[in-house]
Amino acid sequence: MKSVKVKGLKAGFVLARDVEDAAGYKLLKEGTVLSDAHVALLRSWKIPEVWVEESVRARGEPEAPKAGHAAGGDEKKREDALLEEGRSRLRRRFEGRLTNPWMKALYAEAEKRLLVPRFWRQARP
Amino acid sequence: MSREKAAELIGKIEDLPTLPEVVIEITRLVENPDTTAEDIYRIVSTDVSLAATMLKLVNSAFYGVARSVTSLEKAIRILGFSTVRNIALAAFVFDSFMSGKGKLDYRGFWFHSIAAAAGCDVMAKRLRVKDPGEYYVYGLLHDLGVVVMMQYLPGELARIKDAVASGKDLRAAELEVVGCTHNELGAAAAEHWDFPPTVVAVMAHHCSGAGEAQYRREIGVASCADALVQALEVGSGAEARVPVVEAADWEAAGVTADQIGGIMDELLAELEHSRGFIELLFR
């Protein structure tokens, strides 16, 4: 088990302890194999570091990357992809709905908050 | 016309739960200005599970009480009468509609409802209404019709979801498949249980641009909260297109277009505090 800064975290790491927020609420469970989405969430939750297993489970990530290095650019890309996916989903869901100034503001403000903490988000299929 | 269809559907459900005596009594007491904490205590203490929920809630991080509260009477004082009533109503609907299949769907449904309740609370406080707790219930229960469909018309609901996924308007799909909308179904169920007329009006008219003039503000607030939560993709409903809330509803809720961002942030902050509440319900 080792502590890794979320900055240097990649998909494939396995959580060695539950991740909790400052108030002690469980956000992710021990044993979770982190996906790209998890990593993006941990970042949006402003979690500084997490405890992970020494070995990284497959998923095309054979070895633990050195924390904080190399991966930076890739993660930025992943986060951008996540945001872009969210944006296009929101565009679809607002199609034909921008019929008054409030609906336009609703759309614009929702778009600014695409990566808010997602405890409340239903797991998407 | 489809309102009659809704009443007919509700009438046909044989195992529709009945509102427990204790909930009826709490609602009656809370409406009476002469009610004391002792009166509420006497009723709540007759229902062990409700009493336990109140104690757990008051001791949860949601309320942030420093020392643990073990007396039910003290818990009621801390929570306040409206909240006690809210918990009783929510616990009834929740207990009645949490069993059975598709629990995960229910979780998404309740996330949506609790977030809408938080939105109602935020707007009600901005409007400085006398009792924001009232508005909290409107948010919590506005989609009662959906939960009735989940429980009693699962096949129809699946067909509605498919139609919506392929781009059909929700209202049109509901009318085609069930013969009435979830608004009408929820209102019919609420009438069946003798819920207050305002609650019935909110269920019947949220996000429809219609509704009785005397409930304009309540309907407006619930409609705006519903749209805010759907736009933020909290809970279920985040797959469908966002409902159009008409200018009249935003105005009735006292919301200007440039306040929407601020209200979203307040809503999200309040949701953080509601985590304790939802964890209790999913215990």
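Which exposed residues does the face of α1(B) turned away from its buried side carry? I started with this question, working on a predicted model.

**Helix α1 of chain B**

I found B:E4, B:E8, B:G11 and B:K12 exposed on that face of α1(B). I then listed the buried residues of the helix, which spans residues 2-12 of chain B: they are B:A6, B:L9 and B:I10.

**Positive phi in chain B**

I checked phi next, since most residues other than glycine have a negative value. B:C207 has a positive phi, near 55°. I placed B:C207 in the loop between α13 (197-205) and α14 (216-231) of chain B. B:C207 counts as buried because it has 23 C-beta neighbours inside 10 Å, and the cut-off for buried is 20 or more.

B:E233 also has a positive phi, near 60°. I found B:E233 in the loop between α14 and α15 (247-252) of chain B. With 26 C-beta neighbours inside 10 Å, B:E233 counts as buried too.

**Domains of chain A**

I recorded the division of chain A into domain 1 (1-70) and domain 2 (75-115). Domain 1 of chain A gives five residues to the contact, and domain 2 of chain A gives five residues. I sorted the domain 1 side that touches domain 2 by class and got three nonpolar residues, one polar and one charged.

Key: Residues are numbered from 1 along each chain as its sequence is written. Chains are lettered from A and ligands numbered from 1 in the order in which they are written. This is a predicted model: local features need pLDDT of at least 70, side-chain atom pairs count only at pLDDT 80 or more; totals for chains, interfaces and linings use all residues. Helices (H or I, at least four residues) and strands (E, at least two) are DSSP runs, numbered from the N terminus. A residue is buried if 20 or more other C-beta atoms lie within 10 Å of its own, exposed if 12 or fewer, and partly exposed in between; C-beta atoms are placed from the backbone. Domain bounds come from an automatic or database domain assignment. Two residues are in contact if their C-beta atoms, placed from the backbone, lie within 7 Å. Ala, Val, Leu, Ile, Met, Phe, Trp, Tyr, Cys and Pro count as nonpolar, Asp, Glu, Lys and Arg as charged, and the others, Gly among them, as polar.
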